[in-house]
Amino acid sequence: MKLQPGTTVVKNGQLVDGTGKAAVPNAALVITDGIITYAGPAEDVPPAAEARVIDAKGGTIMPGLIEAHIHLTYFNVSELQDLDIKYPVEYVTLQSGVNAKTALECGYTAARSGGCLHNIDVWMKKAIEEDMIPGPRLSASGREICGAGGLMDWNPDYRRIGMEGIVFIVNGPEQARTAVRKLVKDGIEWVKTYPTGDAASPDINDHHTLCMTFEEMHAVVATAHNHGLKVTGHCRATEGIRNALKAGYDAIEHGTFMDDECLDLLLKRNVPMCPGLGFELFSVQRGKEFGLSQRVLDGHQETLEAGAESCRKVLKAGGTMGLGGDYGFAWTPHGTYAQELTFFVNYVGFSPLETITCATLGGAKMMGREKEIGTLEAGKLADVLVVAGDVLKDISLLENRDNLLAVMQGGVVKAGTLVKPASL
Ligand SMILES: [Zn+2]
């Protein structure tokens, strides 16, 4: 991805640097050749000749947001079967490109995939890195892995249409290894698995059901780690979280029913977690409009309450969390990602500063890129968000793209209302 040549100074705003430190009022950010060279009080800015200036208009200068569990290939999903290979790969790829552009315009300068159809993420990542299309810096997942009969294995056998566009259905460790080896060849970074079910499938694969055996999960981890890939999983049930942590998973998605033993295991290896929890509240609030049954809604309510409690425990214990999750359903369309932050403040009870730290540095840690992005500190890539207004007073400002004055990647202004995108 190209870097902005020359020097840019962003000033006249408070600095929320993403580290969790208190905001610096009247701050300035200096960027040289796409890299941050200074972030701090305006009065201490080193003099720079011929700098272009971006006026934050008394608002907030903060790191670009990081979506820690994005599904670029999902769109308008209202039931699990909509995740299936409903459209050809050509159409899903185009839609994913649109979603990537939308995410960037919403202030998300990086994103970690939570799984995709076909092998679109890997190529989307390349297209974004090469500036072919605009989008967040991406950590690519690929097709997912689920045990036979589990959450993702919904097509009855008599249809014989297979699920290879979205998921590998595995029976035993041998098939789990085979699936990972295919993903190794696909070039992905994160192997996404389904250790447990979900409230969305109340009959045979609900949120307390296991969808993979420990042996299958262990085989996935051993094969993936051998090739330098990381492993994560959709973990709701307590036993699924425990199995994942014991099998050596590198991250936990959701971590819903987290008991003290799981919390200890999580903290011992500092395994990051992406709760993806707003989805549960929005499903409860809007699911009826989209035909979700009362049993499914009740399951989401139970998941919501347990998930919120887990998040509070992990935060209190000093664990690492990224924010984001599962946008692309009919009631949580792409472009509404930042409502996750408002939800964490209003419903879960995180402070705005804690929420922003999770949504920036936390996401960068989940991507394994915290040395390059996630905070505004000297030496890091200038992935910056300039927001009209005080996001610590009103976090919901981030939900409205009209409040984003500038969205920058490597110092290049890619979106926002204040300045037109710069041409290199
Ligand atoms: Zn997901």
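Student: Which residue in S7 does alanine 110 stand opposite?

Tutor: Arginine 137 stands opposite alanine 110. Keep in mind that this is a predicted model.

Student: How many bridges do S6 and S7 share, and in which sense do they pair?

Tutor: Three bridges, in the parallel sense, with S6 covering residues 108-113.

Student: And what sheet are they part of, in what strand order?

Tutor: An open sheet of three strands, ordered S5-S6-S7, with parallel pairing. Its edge strands are S5 (65-70) and S7 (137-139), and each of those pairs on one side only. From one strand to the next, the twist averages 15°.

Student: Which strands does H1 lie across?

Tutor: H1, residues 89-105, lies across S5 and S6, and runs at about 130° to S6. Then there's H2, residues 120-129, which lies across S6 and S7 at about 155° to S7.

Student: OK, switching to the seven-strand sheet. What's the strand order there?

Tutor: S3-S2-S1-S4-S14-S15-S16, an open sheet with mixed pairing. The edges are S3 (35-41) and S16 (412-415), each pairing on one side only. Ignoring direction, neighbouring strands are turned by 35° against each other on average.

Student: Mixed how? Do S1 and S4 run parallel or antiparallel?

Tutor: Parallel: seven bridges join S1 (residues 7-15) to S4 (residues 52-63). Along that pair, valine 10 has isoleucine 54 as its bridge partner, and glycine 13 stands opposite glycine 59. S4 and S14 (residues 384-387), by contrast, pair in the antiparallel sense over four bridges. There, isoleucine 61 stands opposite valine 386.

Student: What are the two domains in the assignment?

Tutor: Domain 1 is 7-64 + 374-415, and domain 2 is 65-367. Their C-alpha centres lie 30 Å apart.

Student: How many residues are in contact between them?

Tutor: 23 residues of domain 1 are in contact with 24 of domain 2. On the domain 1 side, S4, S15 (404-409) and S16 each supply at least two residues, and S15 gives the most, with three. That side divides into eleven nonpolar, eight polar and four charged residues.

Student: What about the largest nonpolar core? Which residues touch the most other members?

Tutor: Leu29, Ile145, Val220, Val386 and Val387, out of 131 residues in that core.

Student: Zoom in on valine 220. What does it touch?

Tutor: Leaving out residues up to four places away in sequence, valine 220 touches Ile145, Ala176, Val180, Val191, Thr193 and Val231.

Student: Next, glycine 255. Where is it?

Tutor: Glycine 255 sits in the loop between S12 (252-254) and H6 (260-268).

Student: Buried or exposed?

Tutor: Glycine 255 counts as buried, because it has 32 C-beta neighbours inside 10 Å, and the cut-off for buried is 20 or more. Apart from neighbours within four places in sequence, glycine 255 is in contact with Cys235, Ile241, Met273, Pro275 and Ser310. Methionine 273 is 18 residues away along the chain, with a C-alpha separation of 6.9 Å from glycine 255.

Student: Last one: which residues of H7 are buried?

Tutor: In H7 (residues 278-286), they are Gly278, Phe279, Glu280, Leu281, Phe282 and Ser283. H8 and H9 are among what covers them.

Note on methods. Residues numbered from 1 in each chain as written. Predicted model: local features only at pLDDT ≥ 70, side-chain atom pairs only at ≥ 80, totals over all residues. Pairing = 2+ DSSP bridges. Axes fitted to C-alpha atoms, helices over the stretch in contact; angles between N-to-C directions. Core = buried A, V, L, I, M, F, W, Y, C linked by C-beta atoms within 7 Å. Buried ≥ 20, exposed ≤ 12 C-beta atoms within 10 Å, placed from the backbone. Contact = placed C-beta atoms within 7 Å. Domains from an automatic or database assignment. Nonpolar A, V, L, I, M, F, W, Y, C, P; charged D, E, K, R; others polar.
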